[in-house]
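Have the structure open and follow along.

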Amino acid sequence: RKADRGGGRNARKSSASAASKAESNDKDDDDDEGDELRAETLTVLFEKSILGSGGPTQLTAALPAESDEGHRHVVCPRSKEETLGARLEAGRRTGLVTMTNKLPTWSDQLQSYTLEYNGRATEPSVKNIQLVESQNSPDLKFQLGKVGADRFNVDYKRPYSALQAFAIAVAVFDDKLFCSPAPPLLRHALQLRDKLFHRSS
């Protein structure tokens, strides 16, 4: 499921989450028949400034943490406030594993934002992303890289499962915030605007 919502005057936010049927024996006796608990396995939050320089969307992915025994915690929200997305946005990250996309750098030669993919991405695309626990970490947990027309490589490692990695890729392709970078004229106009605002402040 997916929900779009405003993120203030200068930003837009949207989120996507993945869930599966939960195995549970502690449902309330008065629950309506047919109601099923849904175990959330992942949530992805996108955020982008609509007045920025046309850079890539900021992506944050969160999933339930593992117990000391190596078992994944089961999150079965019964209200909107208990969902992974709500907890992530509210900063309640206890019991969650969160990662963000590695920040790229702008290439004047390619006219796009770039990251080092070591051959796993051969074409520039704003959908080329890498997820890390911190910007200083060289340990990539997930990456999506374009290698041809409508062809992308998806690489992942623990703590992501194949289903969670696929869900992230689908969310990236579905999310409207992952649009193309601003064209050069618009980017220069925005840079000029920033200088004017800076001088007047």
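Which residues does Val 132 touch, not counting residues up to four places away in sequence? Met 99, Thr 100, Lys 102, Ser 137, Asp 139 and Leu 140, where a contact means heavy atoms within 4.5 Å.

## Ground rules

What you're looking at is a predicted model, so local features need pLDDT of at least 70 and side-chain atom pairs count only at pLDDT 80 or more, while totals for chains, interfaces and linings use all residues. Residues are numbered from 1 along each chain as its sequence is written, and side-chain values use heavy atoms, with hydrogens and water left out.

Helices (H or I, at least four residues) and strands (E, at least two) are DSSP runs, numbered from the N terminus. Val 132 has 0% relative accessibility, so it counts as buried. Buried here means under 20% relative accessible area, exposed means over 50%, and partly exposed is in between, using a 1.4 Å probe and protein chains only.

One of the contacts is Thr 100. Along the sequence, Thr 100 and Val 132 are 32 residues apart, yet their C-alpha atoms sit 5.7 Å from each other in space.

## Strand β4 and its partner

Strand β4 (residues 58-64) is largely enclosed by the rest of the structure, because 6 of its 7 residues are buried. It runs antiparallel to strand β5 (residues 96-101), and 5 bridges join the two; strands pair if DSSP finds at least two bridges between them.

## Salt bridges

Side chains of opposite charge can pair when their charged atoms come close. The rule used here asks for a side-chain nitrogen of Lys or Arg within 4 Å of a carboxyl oxygen of Asp or Glu, and the count comes to 5 salt bridges. Among them is Lys 146 with Glu 123, whose closest N and O atoms are 4.0 Å apart. Lys 146 is in strand β9 (residues 142-148) and Glu 123 in the loop between β7 (112-114) and β8, so this pair ties together parts 23 residues apart in sequence. Glu 123 is partly exposed at 30% relative accessibility.

Asp 139, another Val 132 contact, forms a salt bridge with Lys 141 at 2.8 Å between the closest N and O atoms. Asp 139 also forms one with Lys 157, again with the closest N and O atoms 2.8 Å apart. Shared partners join Asp 139, Lys 141 and Lys 157 into one network. How accessible are these three? Lys 141 is buried at 11%, whereas Asp 139 is partly exposed at 29% and Lys 157 is partly exposed at 38%.

## Aromatic pairs

The structure holds 2 aromatic pairs. Rings of Phe, Tyr and Trp (its six-membered ring) pair if their centres lie within 6.5 Å; planes under 30 degrees apart count as stacked, over 60 as edge-to-face and the rest as tilted. Phe 142 and Tyr 160 have ring centres 6.4 Å apart and planes at 70°, so this pair is edge-to-face. Phe 142 is buried at 1% relative accessibility, and Tyr 160 is buried at 4%.

Phe 152 and Phe 173 are edge-to-face too, because their planes are at 90°, with centres 4.8 Å apart. Phe 152 lies in strand β10 and Phe 173 in helix α2, so the pair ties together parts 21 residues apart in sequence. Phe 152 is partly exposed at 22%, as is Phe 173 at 41%.
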